[in-house]
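Biologist: I would like to learn how to read a structure one feature at a time. Could we begin with a single residue and its place in the chain, and then widen the view?

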Amino acid sequence: MKKRPFIFKCSACGHEEPKWLGRCPECGEWNTLTETAAAGRGGFSGKAGKALPQSFPLSSVDPQEGSRIGSGIAELDRVLGGGIMKRSAVLVGGEPGIGKSTLLLQAAAAAETRGRLLYVSGEESAGQVRMRADRLGIRGDRIEIFCSGRLEDIQTILEAVKPVIIVVDSAQTLHTDEAGLIPGTVNQMKYCSYELISWVKEHDAALFLVAHVTKDGLISGPKSLEHMVDTVLYFEGAASASSEGDCRFLRAAKNRFGSVDEIGIFTMGEKGLSMVEDPSLLFLVRREGAVPAGIAIAAVLEGSRTLLVEIQALAIPAKGSISRVFSDRIDSARVSRIAASLEKHLGLRLSDHDLYVNVAGGIKITEVGVELALAASIYSARTGLPLPAGTAIAGELSLAGEVRPVRRLAGRIKAARSLGFERFLGPPPAEGPGEEAEFAASRTSAGSGELVKDLKGAIKALFS
Ligand code: TYD
Ligand code: MG
């Protein structure tokens with residue numbers, strides 16, 4: 001039998017280190033690191049790399065490996081799949097100025113660990129980061145700051161500080177003597193990122209890599225890091241429909257440790273990013289008096305939560321010989337299909353009109369349950385008839401003009417009611433014991449939804 005490599009494990013928190021330390025960098029306890037066989041270290045045998053590769057029974061692997069650390073920011077935890085996974089690397093992309101540095105500084109300050117946090121800034125001076133920290137009300141005793149993008153220097157600091165969470169702001173400023181001279185080239189960025197990712201995998205830490213992405217999205221650089229990291233988050237923004245501040249949305253494009261359906265919703269204010277008690281308030285416009293034509297309220301699902309959002313449509317005679325659809329919050333193909341359905345099943349002439357569609361608050365809606373509300377808003381825009389006030393709508397539409405059941409109907413009705421919508425128009429509940437029972441239960445409470453089976457019936461119910 002070959003001798004297995006040994007590691008040092010903290011008896012208080014389970015944290016692992018390749019070398020013995022007097023004090024656990026994770027929980028701060030003294031003299032708790034004890035030598036144990038490194039079962040479960042697959043692939044990584046440390047820099048020495050001398051030991052022969054070895055496999056071991058899956059059942060012998062410690063499932064503790066890769067446990068999570070709360071980021072202290074619920075919306076970030078939600079998108080990550082329940083907290084920051086140790087030994088993982090997270091790429092945080094977004095346009096310059098969207099709030100990436102702010103988000104990660106807030107997360108570093110709030111992270112639920114007693115370990116040390118390292119903020120590596122290759123873009124801003126220590127003084128500038130301190131100014132931001134002050135503005136955010138962060139004391140920053142726990143955060144070590146290091147301003148350089150040189151890999152060799154960062155590695156020296158990593159060995160000295162042994163952080164549990166590392167933020168590198170940004171990947172584009174990383175460079176090394178090993179890979180040519182110009183910082184920011186793709187090779188430099190990939191080489192350095194790989195080295196840092198390897199470090200966190202070996203040291204039970206987590207890495208956040210910031211990457212700037214330009215307006216048209218995917219520039220070649222950060223895109224080439226996506227396959228190297230475990231999780232890819234994109235931070236996007238829009239002006240909110242209310243006065244709470246500008247909306248910011250955090251979405252996962254890839255997540256090895258959780259779903260990619262969840263989004264994090266924030267507002268950017270004077271004191272940084274904050275969470276919103278009820279995000280629907282960001283997507284509903286408060287109005288005195290009548291609702292103008294072209295507006296419908298949809299009850300949609302975003303991951304595990306239900307949102308009420310205002311869909312706005314405008315139809316004007318086509319400027320060119322072919323009509324066009326302008327819609328960047330709801331997929332244009334979906335808008336065209338719904339318009340075709342309205343034309344076919346209700347005889348509403350849209351093929352000679354240009355259509356503009358928007359969602360208040362700038363959130364992108366991809367869930368099918370938005371379709372009936374979208375149809376209602378286009379119908380209203382084209383005919384000039386406003387929808388009745390206080391009505392929320394959900395439902396998927398088939399090409400044949402049927403209103404199809406949607407998931408979690410009862411939850412949507414409940415969310416609409418809690419925000420003061422008196423009327424709810426939607427499909428019958430989906431088949432299946434869960435959905436039907438939940439719906440039946442929601443019916444017993446005062447006032448439930450009006451159920452419609454087809455587009456024609458829905459439009460009739462809304463506009464007559
Ligand atoms: P920043 O985090 O520097 O963006 P990124 O790292 O993605 O480039 O955020 C910069 C913007 O956020 C800047 O326009 C100022 C604004 N901001 C606030 O509105 N409130 C705040 O508390 C902070 C720190 C920044
Ligand atoms: Mg920044």
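This is a predicted model: local features need pLDDT of at least 70, side-chain atom pairs count only at pLDDT 80 or more; totals for chains, interfaces and linings use all residues.

Biologist: What kind of peptide bond joins Asp 169 and Ser 170, and what is its omega?

Modeller: The general idea is that most peptide bonds are trans. In this structure the bond that joins Asp 169 and Ser 170 is cis, with an omega of about 10°.

Biologist: Why is Lys 162 counted as buried, and why is Arg 408 counted as partly exposed?

Modeller: The reasoning needs a cut-off, because buried means under 20% relative accessible area, exposed means over 50%, and partly exposed is what lies in between. Lys 162 has a relative accessible area of 10%, so it is buried, whereas Arg 408 has a relative accessible area of 26%, so it is partly exposed.

Biologist: Can we apply that reading to a glutamate? Where does Glu 262 lie, and is it buried or exposed?

Modeller: Glu 262 lies in the loop between strand 12 (246-255) and strand 13 (263-269), and with a relative accessible area of 14% it is buried. Its side chain makes a polar contact of 3.2 Å with the side chain of Arg 78, and another polar contact, of 3.0 Å, joins the side chains of Glu 262 and Ser 304. Leaving aside neighbours within four places in sequence, Glu 262 is in contact with several residues, including Val 79, Leu 250, Ala 252, Glu 302 and Gly 303.

Biologist: Where does Glu 310 lie, and with which residue does its side chain make a polar contact?

Modeller: Glu 310 lies in strand 16 (residues 305-317), where its relative accessible area of 1% makes it buried. A polar contact of 2.9 Å joins its side chain to that of Gln 312. When neighbours within four places in sequence are left aside, the residues in contact with Glu 310 include Phe 283, Leu 284, Val 285, Ile 295, Ile 297 and Val 359.

Biologist: Let us turn to the ligand. Which residues come nearest to ligand 1?

Modeller: Of the 16 residues around ligand 1, those that come nearest are Gly 97, Ser 101, Thr 102, Arg 132 and Gly 272. A polar side-chain atom of Ser 101 lies 2.7 Å from an oxygen atom of the ligand, and a polar backbone atom of Ile 98 is 3.4 Å from an oxygen atom of ligand 1. A polar backbone atom of Gly 269 is 2.7 Å from a nitrogen atom of ligand 1. Taken alone, ligand 1 exposes 550 Å², and the protein buries 76% of that.

Biologist: Which elements give two or more residues to the shell around ligand 1, and how do the residues of that shell divide?

Modeller: The elements are helix 2 (100-110), helix 3 (126-136) and strand 13, and the residues of the shell divide into four nonpolar, six polar and six charged.

Biologist: Finally, how many helices and strands does the protein chain have?

Modeller: The protein chain has 12 helices and 23 strands, and 50% of its 464 residues count as buried. Among contacts between residues at least 6 apart in sequence, 71% join residues at least 24 apart.

Technical notes:
Residues are numbered from 1 along each chain as its sequence is written. Chains are lettered from A and ligands numbered from 1 in the order in which they are written. Side-chain values use heavy atoms; hydrogens and water are left out. Helices (H or I, at least four residues) and strands (E, at least two) are DSSP runs, numbered from the N terminus. Buried means under 20% relative accessible area, exposed over 50%, partly exposed in between (1.4 Å probe, protein chains only). A polar contact is a pair of N or O atoms within 3.5 Å; within protein, one must be able to donate a hydrogen and the other to accept it, and residues adjacent in sequence count only if both atoms are side-chain atoms. Contact means heavy atoms within 4.5 Å. A residue is near a molecule or strand if one of its heavy atoms lies within 4 Å of it. Accessible areas come from the Shrake-Rupley method with a 1.4 Å probe; for residues, only the protein chains shown count as cover. Ala, Val, Leu, Ile, Met, Phe, Trp, Tyr, Cys and Pro count as nonpolar, Asp, Glu, Lys and Arg as charged, and the others, Gly among them, as polar.
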